[in-house]
Amino acid sequence: MQDFKVELTQKDKVQLVKIVGILDAHTTGELEKYFDKLVSEKKYHILVNLSELNYISSAGLGVFMAYVETMRENNGDIKFAELQDKVFHVFDLLGFPMLYEFYQKEEEALKKFIEG
Amino acid sequence: MLSDKIKYFFQSKLMEKAIFFSVTFFLYKLFFPYQETFLTTFITEFLVVNSLYFWLAFLPQKLIVKRTTILTLFSTLLFIGFVFLITEAIIISLLPEKEFFKLGFFYNSLVTVLSIVLAGLSVYIFSIFKKLFFLKQKYSPTSYFKVMVIFVSLVGFLTSFSSYLKQFFGFKEYIEENFFSVSIFIEWLTDIESILQIGLIIILIFNSFRVAWLASLNKSEKQKIILFSLILVAINGNALYFLFENSTITKLAYLFSPFLYISITSIILYAGIYSLVIFFTTLFHLPTAEESDRKTEELSTLLNFGKLMAHILDLHELLESIMTMSLKLSNFNAAWFYYPNNSEKKILTKNIQNSKLEQISNKLLEKVDVKTSRQTILSKYQNIYHELNSEYASTIIVQFEFDKESAYLFLLQEKYSDVEDEVFNSIQGLRDYAIVALKNAILVVNSIEKERMEKELELAREIQGRINPQILPKFQHFDVAAKFIPAFEVGGDYYDFFTIGDKTGFVIADVSGKGMEASYIMAEMKGVFETLSTIYTDLKDLLIQANRIFLKRLSKKSFITAIVGIIDDKESKINYFRIGHNLPLKIDKESRYLESKGFPFGMVNNEIFAENLEEVEVKFSQETTMIFYTDGISESMNENDELFGYERLQKLGINLANENAETISQVILTEVGLYSKSTIQDDDITILIFKKSI
């Protein structure tokens, strides 16, 4: 099994969060810690790169739901980029595309963040 | 009557017997102070032997009952010895030089009392030595002790007998002249007496070497014992001197009771020799006392640790004990434990107060290779040295590795000295013990947590089991099958039927999250649907109200996906809403997933929720099958982390199109089971199938 891993990189005001592996009930706790840290550092522009996320469970989705309000209240946002089809399908079932911005490419999302 | 009393007497306690004989002896002596006839001698000695015997049998028991240490035994010996000497001195001062035969009644009784006191004291002394004699002996030396007592008795009896003979027949010359054979007999008797006396002295000396208990004393105790034994030698020496050298007392004693005299003399002699042996033995032991102390302490520390291992399961208590013992072993001054993985308490200290210990630990661990270093001189690292207030000169860092975690013990020394190999090795030894104990303690912590979780899960499963329906409703035109397989960890799946208007409604749902929390939400959901279905006849209204409730009830990160529908039995149709749930599979001529909009419960505000509700109507023909399921099916994984997926389910659907609902559900579950047979079922599996009945 591929180990769960979170990579953080800063690009201008945007915080890149790359999630690798499987995000389920057992790994969400770790992701939450990263988001707590970001909030405490007042980093509200979050771009989540899911190119190497192989699976997401409902508990995993809950993490984004829990933090998005805080980001938006502070003029930031959580945007998603480079999702694998099967992962996007899960987001799609839950209606995420109506609530969040999804991008094919990371650059696109970055551009969107910086512009607006 | 009398026989009863005699019987009672022999059953009575040793002390009562001892007192009886002593008092009788005293009274008897008041009237018959000296041995003049064979009968008086015999009675005297009989009473003496009996009192001595019972006192001797009684006192050691008393001494064992009391909680005594060797030092208290010795203090008692000293005290009794002094009293003995003083009593002797009093007796001597009371007696005139020669004419002791002419003592008055008062003096006579006084001397008798004092003699009895003397006898009592010597018996007490003897009892203590008896206790010392048997102390810490590997094999019980009872026979040696008995031989000694027998020799004393023999010498006593013989002396008593020969002194009686001498007295009876008068002076030696007189006997030689008149009773030659008696004279030879007496000489012969005297020879035997001397031989026995020599034998007695030999066995007294031999028995004085029972000093095994000395080895177990520590240095300071040994020092005290040296002093005590020296004083005892002096006391007993003096007492002996009085007994042997003062002709008055010797003669008096022979007249009073030779047996008693011999007994007292033997006891004092034994006490003297034994004390002398103790003195010299301890003296020779003293130089090595410190080393043996250290060894003993080391050994007992390790032994204690073994005991502790079995008892301390609390992690912090265990770490504290490890610190205490390491300090004892190393003779260092202070210590702290740094346990980085312990969220509760990272630093534990002993004899040191410093708020920066965590940083200091990390700095030290960066600079020192724990695996190879023995002792680190702190002044090498100026920063650390000052942060520790320059109080400590060196440190030993011991690493405790267990289950991928490490804890570090820092032992601190105020003045620098090299750590000896032995000390270092014993600390390493302790470490090995400690690691096992630490692993144990952590295991217990985990197993308690595990047990708690298991209890919770059991409860959650029970709740879930009660919520999901036991019996399926019957329909005229529908063939229905429902299957539910719970995961070990309750996954939050839920399905139910409810009445809405004159129709039957159904819900299949998946609560995000697991375990207890999920099962509570499920229970609440059942309540919400049962209540709302009595108020609202329109399903859409019901769902909007449900979302309002769940928005309040659920935490930000929780939500519920569901498909809620109404079964129209007459028209053979189902109208349903997809509440963010997995797409249902419709099988007729082909097999396909029915797409529709819809947010989960508890995720978006009611306005958006209502706007996005999309009703889907499925009219059932003879070929139609609708499969509703939870992600436990589509997302079950094989050993390569690959999902069962939607395509597999879709293909299965086509193949099973002609089977009845029950068979379809069974085959699907079997296939999913086979697919994920080598992995643990991580989520609940629920499947709900509707088919037009034939």
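The legends below describe close-up views of a predicted model. Local features are reported at pLDDT of at least 70 and side-chain atom pairs at pLDDT 80 or more, whereas totals for chains, interfaces and linings use all residues. Residues are numbered from 1 along each chain as its sequence is written, with chains lettered from A and ligands numbered from 1 in the order in which they are written.

**View 1. Fold of chain A.** Chain A contains five helices and six strands, where helices (H or I, at least four residues) and strands (E, at least two) are DSSP runs numbered from the N terminus. Their order along the sequence is β-β-α-β-β-α-β-α-α-β-α. Of the 116 residues in chain A, 41% are buried (20 or more other C-beta atoms within 10 Å of the residue's own, C-beta atoms being placed from the backbone). Among contacts in chain A with a separation of 6 or more, 70% join residues 24 or more positions apart; a contact requires C-beta atoms, placed from the backbone, within 7 Å.

**View 2. Helix α12 of chain B.** This helix of 16 residues reaches 22 Å from its first C-alpha to its last, close to the 22 Å expected at 1.5 Å a residue (1.5 Å times one less than the number of residues). Its buried residues include B:Leu319 and B:Met323. B:Asn331, which follows α12(B), has a positive phi near 65 degrees.

**View 3. Packing of α12(B) against α15(B).** The axes of α12 (residues 315-330) and α15 (residues 421-467) of chain B come within 10 Å and cross at roughly 175 degrees; axes are lines fitted to C-alpha atoms over the stretch in contact, and angles run from 0 to 180 degrees between N-to-C directions. The two helices are therefore roughly antiparallel (angles over 145 degrees). Contributors to the contact include B:Leu318, B:Ile322 and B:Met325 of α12(B), and B:Ile427, B:Leu430 and B:Leu438 of α15(B). By class, the contact has 14 nonpolar, three polar and no charged residues (nonpolar: Ala, Val, Leu, Ile, Met, Phe, Trp, Tyr, Cys and Pro; charged: Asp, Glu, Lys and Arg; polar: the others, Gly among them).

**View 4. Surroundings of B:Glu635.** B:Glu635 lies in the loop between α19 (631-634) and α20 (645-655) of chain B. It counts as buried because it has 23 C-beta neighbours inside 10 Å. Beyond its neighbours within four places in sequence, B:Glu635 is in contact with B:Leu643 and B:Asp683. B:Val672, 37 residues apart from B:Glu635 in sequence, is 9.7 Å apart from B:Glu635 in space, C-alpha to C-alpha.

Definitions and conventions:
Buried ≥ 20, exposed ≤ 12 C-beta atoms within 10 Å, placed from the backbone. Contact = placed C-beta atoms within 7 Å. Parallel < 35°, antiparallel > 145°, perpendicular 65-115°, else oblique.
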